Amino acid sequence: MKCSVLPLFLASSLAVTAQTRPVGACPFGDFDTNPEHNPQIAEVATKTPAITWMACNSPKGCVSLRVNPGAPVLVYATDGPWTCGYYADRHGAGPTWFRSSELRQIKYELNPPIAAWSGMWIGGENRVFIAPAKSGKALHLNGNATWHGASGVEHFGDAEGDAIPTGNHLHFVEGESASCIIDLTLFGKFILASDNNGCGGMNARFQGFWNRTIPQVAGKAH
C-alpha cells in the first residue's frame with residue numbers, strides 16, 4: 001500500500017509566483033519521525049542544483065544556497081510558491097526555502113517488508129547497518145556516529161541491537177529505557193532518524209536523513 005498524504009504545495013496566483021525571493025526565515029523545526037504526525041518528505045526534482053534561500057529575516061536579506069538534485073527534504077511549511085524544509089546533500093544540511101515547483105513528493109510503503117530496511121545507510125559521517133535479525137520479525141541495527149568539534153576534538157556514538165518495526169517505523173531501545181533510543185522511519189530510499197541524545201558523546205547523534213548504499217544482507221557497520 002502506498003502512502004497518500006495531503007498535497008505538499010499550495011497553488012499560487014501569477015502575481016505571487018512572480019516573487020523572486022521568499023519573505024522571512026525558514027527556521028529549523030525538528031526531525032519528527034512519528035508516522036502518526038504524517039511527516040512530508042520530498043526530493044529536489046531539478047536536473048541541476050536548485051537555488052534556495054536562507055536567513056531571509058536577516059538585515060542583509062536572503063543568502064542563496066545551491067542544493068543538489070535528488071537531495072531529500074523534510075517539509076516544514078509552505079508559503080505561496082515557496083516551501084520551507086530541511087535538506088541534506090553531500091555539501092551539508094539545514095533548513096532553507098525551496099521553490100515548491102522544484103520539489104517532488106516521495107511515495108513510500110506504509111508496511112514495507114523486512115528486506116526493504118536492509119543495507120548500509122549513511123548520514124554525513126554516520127554509518128548504520130540494518131539487516132534482518134535471527135528472529136525473522138526483528139531487525140538488527142549496528143551503527144556508529146561521529147561529531148567533529150573545534151581544535152580537532154571528536155566525539156563518538158554507537159548503537160547495536162534488535163527491534164521490531166511497526167509499519168515503516170522502527171523504535172530502537174538499546175538496553176535500559178534511559179540509554180540510547182533511536183526512532184527511524186523508512187521513506188523508500190531514505191530513512192529519517194532522530195534520537196534521545198543518549199547514544200554517545202556530545203553532538204554524536206543519529207538524526208536527520210540517511211541514504212542507502214548498495215543493499216547488503218549480512219555484516220556490520222564500520
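Predicted model: local features only at pLDDT ≥ 70, side-chain atom pairs only at ≥ 80, totals over all residues.
Residues are numbered from 1 along each chain as its sequence is written, and side-chain values use heavy atoms, with hydrogens and water left out.

Let us stay with β13 (residues 181-187). Strands here are DSSP runs of E with at least two residues, numbered from the N terminus, and two of them pair if DSSP finds at least two bridges between them. Strand β12 (residues 169-173) runs antiparallel to β13 and is joined to β13 by five bridges. β14 also pairs with β13 in the antiparallel sense, over six bridges. β13 and β14 make a hairpin with two residues between them, and in the turn glycine 188 has a positive phi of about 65°.

How many residues of β13 are buried? Seven of its seven are, where buried means under 20% relative accessible area with a 1.4 Å probe and protein chains only. In a regular strand the side chains alternate between the two faces of the sheet. In β13, Ile181, Asp183, Thr185 and Phe187 lie on one side and Ile182, Leu184 and Leu186 on the other, and both faces are covered.

Phe187 leads us on to the aromatic rings. Seven aromatic pairs turn up in a search of the whole structure; rings of Phe, Tyr and Trp (its six-membered ring) pair if their centres lie within 6.5 Å, and planes under 30 degrees apart count as stacked, over 60 as edge-to-face and the rest as tilted. Tyrosine 108 and phenylalanine 187 form an edge-to-face pair, because their ring centres are 4.7 Å apart and their planes stand at 85°. Tyrosine 108 sits in the loop between β7 (103-105) and β8 (119-123) and phenylalanine 187 in β13, so this pair ties together parts that are 79 residues apart in sequence. Tyrosine 108 is buried, with a relative accessible area of 6%, and phenylalanine 187 is buried as well, at 1%.

A further pair joins phenylalanine 190 and phenylalanine 209: with centres 6.2 Å apart and planes at 70°, the pair is edge-to-face. Phenylalanine 190 belongs to β14 (residues 190-195) and phenylalanine 209 to β15 (residues 208-212), so parts 19 residues apart in sequence are tied together. Both of these phenylalanines are buried. Elsewhere, ring pairs link Phe28, Phe31, Tyr76 and Tyr86 into a cluster.

β15 also takes us to the largest pocket, to whose lining this strand gives the most, with four residues. A pocket, on a 1 Å grid over the protein atoms alone, is an open set of points where a 1.4 Å probe fits, with protein on both sides within 12 Å along at least five of seven lines; lining residues have an atom within 4 Å of a point. The largest pocket holds about 490 Å³ of space. Among its 22 lining residues, Gly123, Gly124, Glu125, Asn126 and Gln207 are the closest to its centre.

The second largest pocket holds about 160 Å³. Of its 13 lining residues, Pro39, Gln40, Leu74, Val75 and Tyr76 are the closest to the centre.

Definitions and conventions:
Buried < 20%, exposed > 50% of the residue type's maximum accessible area, 1.4 Å probe, protein only. Points joined across faces, edges and corners; volume = space filled by probe spheres on them.
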